[in-house]
Amino acid sequence: SPSTHPGTTDAPASAALLERAARVIPGAVNSPVRAFRAVGGTPRFIREAKGPWLTDADGRRYVDLLCSWGPMILGHAHPDVLAAVDEAARRGFSFGTPSENEVLLAEEIVDRIEPLEQVRLVSSGTEATMSAVRLARGVTGRSVIVKFAGCYHGHVDALLAAAGSGVATLALPDSAGVPTEMTSDTIVLPYNDIAALEETFAARGPEIAAVITEAAAGNMGVVPPAPGFTDALRRITREHGALLISDEVMTGFRCSRAGWFGLEGEAGYAAGAPDIFTFGKVMGGGFPAAAFGGTAEVMGHLAPQGPVYQAGTLSGNPVATAAGLATLKGCTPELYPRLEATARTIADAASAALSAEGVAHTVQWAGSMFSVFFREAPVTNYDDARDQDTAAYGRFFHAMLDAGVHLPPSAFEAWFVSGAHDDEAVGVILDALPAAAKAAAS
Ligand code: PLP
């Protein structure tokens, strides 16, 4: 069973903290995927992080390929971000009034993504997608939301539905505590399936408020939209008067300075831009800051201007926005080729090591985001993603962890690099791979 994985004995201080945590925190973690349930063993309690390195409660160092699930694109405790946070915090932690940093961060985001005119700042990706869905329903006066299996948009009731393949499946809730009524207006379709989308709109078009999609899927592992898929989303939604919500919480400012929108560019968005974008992760630089945005016309439906209510005590927090702004300033055009080169080096070495041991695998990309799937064939949707050798990934993960490399503790996640991943950090990864591939093969 996963919980008896030998990795448990290698981290006594983490194991002790885990035991204490289990008494006062449900499942010992504040976000389920941190629990190592999928790979077994003891999650490392991290006490410090700098650049590409994590240091755990036992004082062991790991090269970080988790990057806090995406935000830490410049590496941990980057000096410029630290200085901005320090400077902002000295001027107070939260005002509950408008403040300049909110304007600066909103301007920075709007400058990067051409069709964006306005953004509303919130504190998490979940809040951003929840608000985007409400806005889309408010703008259109319709109820139904279409999402894709395997896409994660945070723990929003209406979006916690991923089950059901086939055409126009009426989704069942994925979580207890989500009444059927909360997902009865959610239709789940297979990712990258234009025909399914067309059939659904032909049948129920006038009811559909919006299609929400991960701009490039990262939450079933990295599954980029197939050529023509993004364009079809835009074309079909527009034909039927529905909005298109592009969730760039993970890809935003990560795949390029303008996110997936900037990367796929003309080819993907020839039929037009999404109506609403959502952002999080990188734009908070490790602090709770997220956003949703669109044209001034669409965003004008929000209170206090319009009838769609949305609010937050800590929205646009002065310290979080300072961190986000400093992080985005560090997201220069030069950063992205560097991230991609680092990621390429790691992925190529992983692939070579796995091939040498005869382990079936395939690597998929969205900018510098990548996943190693433990199966031979390419992955185009959630059914494909689930059809992989997760036990082999678990063995690979633990061998890497033992050698000082912290991968995501799940086979269904992207691997993230940062601008701080230098030759030393990459060297540790390359050295660890052959034994990890052997473990995967065993
Ligand atoms: N949307 C996407 C694409 C995400 O990857 C995530 C988080 O992983 C979310 C939304 C939810 O963001 P948060 O965890 O900040 O609520």
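A residue counts as buried if 20 or more other C-beta atoms lie within 10 Å of its own, as exposed if 12 or fewer do, and as partly exposed in between, with C-beta atoms placed from the backbone. Lys-281 has 28 C-beta neighbours inside 10 Å, so Lys-281 is buried. This is a predicted model: local features need pLDDT of at least 70, side-chain atom pairs count only at pLDDT 80 or more, and totals for chains, interfaces and linings use all residues. Residues are numbered from 1 along each chain as its sequence is written.

**Lys-281**
- The unreviewed UniProt entry annotates Lys-281 as "modified residue: N6-(pyridoxal phosphate)lysine". UniProt positions follow the numbering used here, feature names are shortened, and annotations may be inferred rather than shown by experiment.
- Lys-281 sits in the loop between β10 (276-279) and β11 (290-294). Helices (H or I, at least four residues) and strands (E, at least two) are DSSP runs, numbered from the N terminus.
- Leaving out residues up to four places away in sequence, Lys-281 touches Gly-70, Pro-71, Gly-125, Val-249 and Met-250. Contact requires C-beta atoms, placed from the backbone, within 7 Å.

**Ligand shell**
- The ligand is surrounded by 16 residues, and the closest are Ser-124, Gly-125, Thr-126, Gly-154 and Val-249. A residue is near a molecule or strand if its C-beta atom, placed from the backbone, lies within 6 Å of it.
- Helix α4 (residues 125-140) contributes the most to this shell, with 3 residues.
- The shell holds 5 nonpolar, 9 polar and 2 charged residues. Ala, Val, Leu, Ile, Met, Phe, Trp, Tyr, Cys and Pro count as nonpolar; Asp, Glu, Lys and Arg count as charged; the others, Gly among them, count as polar.

**Domains**
- The protein chain is assigned domain 1 (2-73 + 333-441) and domain 2 (79-330). The bounds come from an automatic or database domain assignment.
- The C-alpha centres of the two domains are 26 Å apart.
- Across the interface, 26 residues of domain 1 contact 31 residues of domain 2.
- On the domain 1 side, two or more residues each come from α11 (335-356), β12 (362-366), β13 (369-373) and α12 (382-386). The largest share, 4 residues, belongs to β13.
- That side comprises 17 nonpolar, 7 polar and 2 charged residues.

**Sheet**
- An open, mixed sheet has 4 strands in the order β1-β2-β3-β14. Strands pair if DSSP finds at least two bridges between them.
- β1 (46-50) and β14 (405-406) are at the edges with a single partner strand each, so one side of each has no neighbour in the sheet.
- β1 runs antiparallel to β2 (residues 53-56), joined by 4 bridges. Ala-49 has Leu-54 in β2 as its bridge partner.

Technical notes. Contact = placed C-beta atoms within 7 Å.
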